[in-house]
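Here is a short walk through one protein chain. Keep the structure in view as you read.

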Amino acid sequence: MRRNSRARLSLSLLLVAGALGLGATPATAAEVHTAVAATPSAIPSASAYALDAAVERTLGADTAGTYLDRKTGELVVTVTTDRAEEQARATGATVRRVTRSAAQLDSAIATLEAEAKITGTSWGIDPRTNQVAVEADSSVSARDMARLEAVADRLGGAVSISRVPGVFHREVLGGGAIYGGGSRCSAAFNVTKGGARYFVTAGHCTNISANWSATSGGSVIGVREGTSFPTNDYGIVRYTDGSSPAGSVDLYNGSTQDIASAANAVVGQAIRKSGSTTKVTSGTVTAVNVTVNYGDGPVYGMVRTTACSAGGDSGGAHFAGSVALGIHSGSSGCSGTAGSAIHQPVVEALQAYGVSVY
């Protein structure tokens, strides 16, 4: 489901000068509600991450998605046919029969794309509710909300709609900084290949400059070796100053979290986000296969979470325990503990550049 769905996230784009920072109750279409933060679930075990990957390889579009059960911590695979259920059980996963197939959810997304592509809205697959979960930020007018609801009403309960505070935007500035092209950005995860050390960060950061420093106007510590934005949102910089930085994430309390592996996030799991503005915040993964329609081009295959974030957090790390999950891209901000942080899956970036976390 992660790569087969064409879920889209449509955002208003509010850019500020500078670069990037370090780092439900289902409703019918007529039941628009205010999104609230979910209680974070458990962190998946290594075997749960591996099982999720195996299910994706085995079932592909024959599953309507996977998620982590909050009470048991087990991976649940949603299916609509006997054949898919048999295949899923053979992997050792817990199976749940649902009403809507992956194809039906994809069809609902295609309808939203064609008829309700409104700036300030996002949509992605939530396998826990077997629905397309739509979010509308505060910039969406009453008239546009009515249009969105009318389209959703025709989709027979396949869509739920939530209002979220703030306005979706890419988040800028930050700390734990690297500097390039007159802008300030931050590294997400340190990585290695063949003994060489690199860091990965957001692609719309590495688009800015080829040379990066640890201080404004300081000596170059690293050189860009790859960048991908739009379409993706990741880039890589090779350390050229002879340093061997630790492969850990700043917890902003005097300690760090060692990163030992990487995986794709699972809907329902707990995550933490480390960023320079809101520091370390926690949340739950709520949707995968989300597409971000930025003003300067789309980015595909993103992940939506409830973690709080704000301007300055982009480029930061999304992780769970010692597992790297994603590179922070943006959000609509947060209200209290309710956020909408979006990340680029880090596994895709690691595979693209042939590097690994350490």
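Start with a charge and a ring. The charged end of Arg197 sits over the ring of Tyr358, at 4.2 Å from the ring centre. This model is predicted.

Now step back to the whole chain. It has six helices and 28 strands. Of its 358 residues, 57% are buried. The accessible surface is about 13200 Å², and carbon and sulfur atoms account for 50% of that.

Next come the aromatic rings. A pair of aromatic rings is described by the distance of the centres and the angle of the planes. The structure holds two such pairs. In one, the ring centres of Phe199 and Tyr239 are 5.5 Å apart and the planes meet at 65°, so the pair is edge-to-face. Phe199 belongs to strand β13 and Tyr239 to strand β16, so the pair ties together parts 40 residues apart in sequence. Phe199 is buried, at 0% relative accessibility. Tyr239 is buried too, with a relative accessible area of 16%.

Tyr234 and Tyr353 also form an edge-to-face pair, with 5.6 Å from centre to centre and 90° between the planes. Tyr234 is in strand β16 and Tyr353 in helix α6, so this pair links parts of the chain 119 residues apart. Tyr234 counts as buried because its relative accessibility, 6%, is under 20%. Tyr353 is buried as well, at 17%.

Finish inside the protein. The second largest cavity holds about 30 Å³ of space. Its lining consists of Ala188, Phe189, Asn190, Gly247, Ser248, Ile259 and Val357. Four of these lining residues are nonpolar, three are polar and none is charged.

Note on methods:
Residues are numbered from 1 along each chain as its sequence is written. This is a predicted model: local features need pLDDT of at least 70, side-chain atom pairs count only at pLDDT 80 or more; totals for chains, interfaces and linings use all residues. Side-chain values use heavy atoms; hydrogens and water are left out. Helices (H or I, at least four residues) and strands (E, at least two) are DSSP runs, numbered from the N terminus. Buried means under 20% relative accessible area, exposed over 50%, partly exposed in between (1.4 Å probe, protein chains only). Accessible areas come from the Shrake-Rupley method with a 1.4 Å probe; for residues, only the protein chains shown count as cover. On a 1 Å grid over the protein atoms alone, a cavity is a set of points where a 1.4 Å probe fits but cannot get out, and a pocket is an open set with protein on both sides within 12 Å along at least five of seven lines; lining residues have an atom within 4 Å of a point. Grid points are joined across faces, edges and corners, and a volume is the space filled by probe spheres set on the points. Ala, Val, Leu, Ile, Met, Phe, Trp, Tyr, Cys and Pro count as nonpolar, Asp, Glu, Lys and Arg as charged, and the others, Gly among them, as polar. Rings of Phe, Tyr and Trp (its six-membered ring) pair if their centres lie within 6.5 Å; planes under 30 degrees apart count as stacked, over 60 as edge-to-face and the rest as tilted. A charge sits over a ring if NZ of Lys or CZ of Arg is within 6 Å of the ring centre and within 35 degrees of the ring normal.
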